[in-house]
Amino acid sequence: MELFDISEEQITKRQHYVPKAYLKYFSVDEQKTPHVYAVFPNGKEPQKVSIEKICCSSYLYDQIAIDPDTGAQIFAAPNELENMFNPVESKYAVIVSKLKADLREKNDFELTAQEIGVLKGFMSLQLWRNPIFVHISNCIVDRLYAQNPDYMEYIQNEFQDEKSNVMIAHLANESLKRFLLLSTVAMADTMDESHFCVFRTQDSLFVTSDMPVVNIYGEEQGIQYDLVGIPITPELFVAFIDAECDIPKVLSIDSCSVRRINSRQQKP
């Protein structure tokens, strides 16, 4: 087990739960730091905001203990989860660029099973890396361990060279990491038998949010379907659809359908 004083390693303070690799495809300019238009819960008019400053929280995925003797911040595993997210975010960005180019040039695309798997993993991870679920994971550890006198006594007896709150920080980090990994894999597995397709709109725009993955269950022409998808640009939406019928790879949808999908992004 490695534990770090904050002075020993550079920590990423502003940690994004909606990655910049995703947000950049909704940017409205070509600046070095892309910007998006965002509507906040207490506002009515869209604001132009840098993607550096949106959908992020300070030290969201890091577990920090305070040394009771010195007051120093001790990180259980600095940047571990941030670094874990980087490979899938990078692969996602490459695949989206490829999809955009293919659809622009020939209204068709070719993705390998591995590339489709990356999209499944990216979407699944987006369901769980939100601050809500980070908070839930931390609360579970706090309730089961930090507030359990018997467990705290066990820690103090078993690890006499380590402070108990530091050990709890390490436990919380491991629990969150396992929660994210297992939940992501489980969610991706549910899409294995689904049809993969891309919705395309030309007379409207897809919007996104701080929880961009949507799940829509419905019926169309007597056929029931279960859709899990995510907007990837203002013009494109990738979907995994569980339905007992053939579905085209590319579907052009009207503004009414776009509004229905967008309504799932409007959080209270």
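Is Asn138 buried, partly exposed or exposed, and what is its relative accessible area? Asn138 is partly exposed, with a relative accessible area of 25%. Buried means under 20% relative accessible area, exposed means over 50%, and partly exposed lies in between (1.4 Å probe, protein chains only).

## The model

This is a predicted model: local features need pLDDT of at least 70, side-chain atom pairs count only at pLDDT 80 or more, and totals for chains, interfaces and linings use all residues. Residues are numbered from 1 along each chain as its sequence is written, and side-chain values use heavy atoms, with hydrogens and water left out.

## Overall build

The chain has seven helices and 12 strands. Both are DSSP runs numbered from the N terminus: helices are H or I with at least four residues, strands are E with at least two. Along its principal axes, the C-alpha trace spans about 65 × 45 × 35 Å.

The chain holds 268 residues, and 45% of them count as buried. Contact means heavy atoms within 4.5 Å. Take the contacts between residues at least 6 apart in sequence: 69% of them join residues at least 24 apart.

## Surface and charge

The accessible surface comes to about 15000 Å². Carbon and sulfur atoms account for 49% of that surface. Accessible areas come from the Shrake-Rupley method with a 1.4 Å probe; for residues, only the protein chains shown count as cover.

The chain carries 25 positive and 39 negative side chains. Lys and Arg count as positive, Asp and Glu as negative; His and the chain ends are not counted. The centres of the two sets lie 9 Å apart. Each charge is placed at NZ of Lys, CZ of Arg, CG of Asp or CD of Glu.

## Helix α4

Helix α4 covers residues 131-146 and includes Ile136. Ile136 is partly exposed, at 38% relative accessible area. Ile136 belongs to a nonpolar surface patch with Ile132, Ile140 and Leu144. Together the four have about 350 Å² of accessible area. Patches are made of residues with over 30% relative accessible area and no salt bridge; like charges are joined within 9 Å, and nonpolar side chains (Val, Leu, Ile, Met, Phe, Trp, Tyr) within 5 Å.

Asn138 also lies in helix α4. Leaving aside residues up to four places away in sequence, Asn138 touches Gln63 and Ala172. Ala169 is 31 residues from Asn138 along the chain, and their C-alpha atoms are separated by 9.4 Å.

## Salt bridges

A salt bridge is a side-chain nitrogen of Lys or Arg within 4 Å of a carboxyl oxygen of Asp or Glu. By this rule there are 10 salt bridges. One of them pairs Glu52 with Lys20, with the closest N and O atoms 3.3 Å apart. Glu52 sits in the loop between β4 (47-50) and β5, and Lys20 in helix α1 (residues 20-23), so the pair ties together parts 32 residues apart in sequence. Glu52 is partly exposed at 28% relative accessibility. Lys20 is partly exposed too, at 33%.

Lys249 has a salt bridge to Asp108, at 3.1 Å from N to O. Lys249 lies in the loop between β11 (236-243) and β12 (250-252), and Asp108 in the loop between α2 and α3, so this pair ties together parts 141 residues apart in sequence. Both ends are partly exposed: Lys249 at 33% and Asp108 at 29%. Lys249 also forms a salt bridge with Glu110, whose closest N and O atoms are 3.3 Å apart. This pair links distant parts of the chain, 139 residues apart, with Glu110 in the loop between α2 and α3. Glu110 is exposed, with a relative accessible area of 51%. Elsewhere, Asp67, Asp69 and Lys163 are linked in a network of salt bridges.

## Positive phi angles

Asn107 is not a glycine, yet has a positive phi of about 55 degrees. Asn107 is in the loop between α2 (80-106) and α3 (113-128). Its relative accessible area is 41%, so Asn107 counts as partly exposed.

Tyr59 is not a glycine either, and has a positive phi of about 50 degrees. Tyr59 lies in the loop between β5 (56-58) and β6 (64-66).
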